[in-house]
Amino acid sequence: YVFGGEKISCEAEFMAQTYLRNYKRLQDPAKITVGEAIDKYIASKSNVLSPSTLSAYKRYRKAYFQDIINIELAKLTPEIVQKSVNAMAASKSPKTIKNAHGLLSATLKEYHPDFILHTKLPQATKTMMTIPDDDDVVRLLQAAQGTYKEAIIILGACVGLRRSEMCALTTEDIDTEKNTISVNKAMVISPDEKWVVKGTKSFA
């Protein structure tokens, strides 16, 4: 069509109007979808959360609550969330559901604070761990003696380092005069699926 003597592309006008509508919608937190809210929450925490936590959040965003991901926050109800959790409980572990629900809950507190969740989550199951006794550890160390795995097994079995902490060790962390190891970093998977070195999980 013609405006002010100049031809204006209908497609460009349509795109401009669409952008304006989306922009206005995104300014109202209650009008954004659950998926958009989770994306905004993850992006807002990208500089304060560890790479491994960000990776986990992105996995939860992609894999869970897909049945409610396109619902606007203003139209979300506790019953809808409960129904989604019930469906997840058929195939997912209580711990996985708790973690995914935690991300959703944190997102809602940020972008829809008037919405209160009272979701009934599956009861956690106690995991029975098999703890090796002294004889098991001795046999393990003997089997590893002289192999490239020996140092790693010693650090895990006798010192208690996490796998991520062992993988991040460098020669600069080892003081051969004092016979000490400085544990000051960890190696984890980043959100873009690359190995990165970060700080340790705790100062201790």
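Begin by selecting D173 and K185: these two residues form a salt bridge whose closest N and O atoms are 2.6 Å apart. The pair joins distant parts of the chain, twelve residues apart. D173 sits in the loop between α8 (163–167) and β3 (174–175), while K185 belongs to the loop between β4 (180–181) and β5 (186–189). The model being viewed is a predicted one.

Next, colour this pair by relative accessible area. D173 has a value of 7% and is therefore buried. K185 reaches 19% and also counts as buried, because the class extends to anything under 20%.

Is E165 buried or exposed? At 8% relative accessibility, E165 counts as buried. R162, by contrast, has a relative accessible area of 39% and is partly exposed.

For the last stop, select helix α6, residues 134–144, and display the side chains of D136 and R139. These residues form a salt bridge, with the closest N and O atoms 2.4 Å apart. Both partners lie within the helix, three residues apart, which corresponds to about one turn. D136 counts as partly exposed at 30% relative accessibility, and R139 counts as partly exposed at 49%. The value for R139 falls within the partly exposed class because exposed requires over 50%.

Terms used: Residues are numbered from 1 along each chain as its sequence is written. This is a predicted model: local features need pLDDT of at least 70, side-chain atom pairs count only at pLDDT 80 or more; totals for chains, interfaces and linings use all residues. Side-chain values use heavy atoms; hydrogens and water are left out. A salt bridge is a side-chain nitrogen of Lys or Arg within 4 Å of a carboxyl oxygen of Asp or Glu. Helices (H or I, at least four residues) and strands (E, at least two) are DSSP runs, numbered from the N terminus. Buried means under 20% relative accessible area, exposed over 50%, partly exposed in between (1.4 Å probe, protein chains only).
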